[in-house]
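Dear colleague,

Please find the structure below, with the sequence alongside. My notes on the helix packing follow.

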Amino acid sequence: MTPSDLISLWDPNLPHATTSAPFVRLLSENQLPDKNFDTWLFNDFLYVRCSTFFLARLITSTPDTHPVKSTQLIPAYEVLRRELEIFREKALARNITLPKISSADPDFAAESAKATLQILGELVEHSAKGYTDYMKFMTETLLDEKKVHWSTLLTVIWMLDKVYLDVMVHVRDSPAFGQGADEVLKDLVQWWANDGFSTWVNAVGEAVVELREGKGSGFNEEEARWAAREVVMWERGFWDIATGWMFRDFGDCG
């Protein structure tokens, strides 16, 4: 079974969170209002900070003996920390004032040791409710309440990044976007729409498939399927919130 086969088995509605989402369609057609894109960028910056914490927890819970830890997850932690800087650079270029929040610790173990409320406290203060609820699902639900198996956390990371990969490749390859979008948008889309990110997503997907098929891995089929479907639902809502805010200001994001 391939990663694509597994997605089709678990949740065949992935396009609803990718190419069919209004945000993605408008962006690919170069018709998304600047204010809506800026709203997404503002909130996604906060979400990426949350994801960095989530990834740190995943790394520390992944057995040292599994190769995905050293070959995929630890390098990805540094990429996410860099991603936060990319967001700051692009926000500055678009005259967006991002909130001042704490940086992710360079040491993933030190980041993982932080309390969930310590991370969420400063993020929910600035983000929109829909984004806040997603971040709470990623942390309070998956890490604290459910305490899901590390392979389920790996599945979550794979699914949300699969969404981003499919979205950004679709946008990048759209003729209207390629001809009309400004360089700031193109650079930001290219951050995800590239061979390196595609290789990473595929490698993590293959690791999930191997865990699912391997005996004694601790993989929980029901739990992983549930988490995968939840992520697709949250990712679809992630785009929809931005397209629904035609007339809202960042000051309303609490």
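**Helix packing**

Helix H3 and helix H4 (residues 67-93) cross at roughly 160 degrees, and their axes come within 10 Å. Since angles over 145 degrees count as roughly antiparallel, H3 is therefore roughly antiparallel to H4. The crossing of these two helices, H3 and H4, is left-handed. By class, the residues in the contact of H3 with H4 are 16 nonpolar, three polar and seven charged. Please keep in mind throughout that this is a predicted model.

H3 (residues 34-61) also packs against helix H7 (residues 129-145), here at an angle of about 5 degrees and with the axes 10 Å apart. H3 is therefore roughly parallel to H7. On the H3 side, the contact is made by Trp 40, Asn 43, Leu 46, Tyr 47, Cys 50, Phe 53, Phe 54 and Arg 57. H7 contributes Tyr 131, Tyr 134, Met 135, Met 138, Thr 139, Leu 142, Leu 143 and Asp 144. Of the residues in the contact of H3 with H7, 12 are nonpolar, two polar and two charged. As a reminder on spacing, an α-helix has 3.6 residues a turn, so residues three or four places apart point the same way.

H3 and H7 turn up again around helix H6 (residues 116-124). The buried residues of H6 are Thr 116, Ile 119, Leu 120, Glu 122 and Leu 123. Their cover includes H3, H7 and helix H5 (108-112).

Another pair is helix H1 (residues 3-10) with helix H8 (residues 150-172), whose axes lie 13 Å apart at an angle of about 95 degrees. This angle makes H1 roughly perpendicular to H8. Pro 3, Leu 6, Ile 7 and Trp 10 of H1 meet Thr 155, Trp 158, Met 159 and Lys 162 of H8. The contact of H1 with H8 comprises six nonpolar residues, one polar and one charged.

**The whole chain**

The protein has 12 helices and zero strands. Its radius of gyration is 17 Å, close to the 18 Å that the globule rule gives for 254 residues, so the protein is as compact as a globular protein of that length. The C-alpha trace spans about 50 × 40 × 25 Å along the principal axes. Of the 254 residues, 52% are buried. Among contacts with a separation of 6 or more, 81% join residues 24 or more positions apart.

Regards

Methods
Residues numbered from 1 in each chain as written. Predicted model: local features only at pLDDT ≥ 70, side-chain atom pairs only at ≥ 80, totals over all residues. Heavy atoms only, no water. Axes fitted to C-alpha atoms, helices over the stretch in contact; angles between N-to-C directions. Helix = DSSP H or I, 4+ residues; strand = E, 2+ residues; numbered from the N terminus. Parallel < 35°, antiparallel > 145°, perpendicular 65-115°, else oblique. Contact = heavy atoms within 4.5 Å. Nonpolar A, V, L, I, M, F, W, Y, C, P; charged D, E, K, R; others polar. Buried < 20%, exposed > 50% of the residue type's maximum accessible area, 1.4 Å probe, protein only. Left-handed = near helix turned anticlockwise from the far one by under 90°. Rg over C-alpha atoms; globule rule 2.2 N^0.38 Å.
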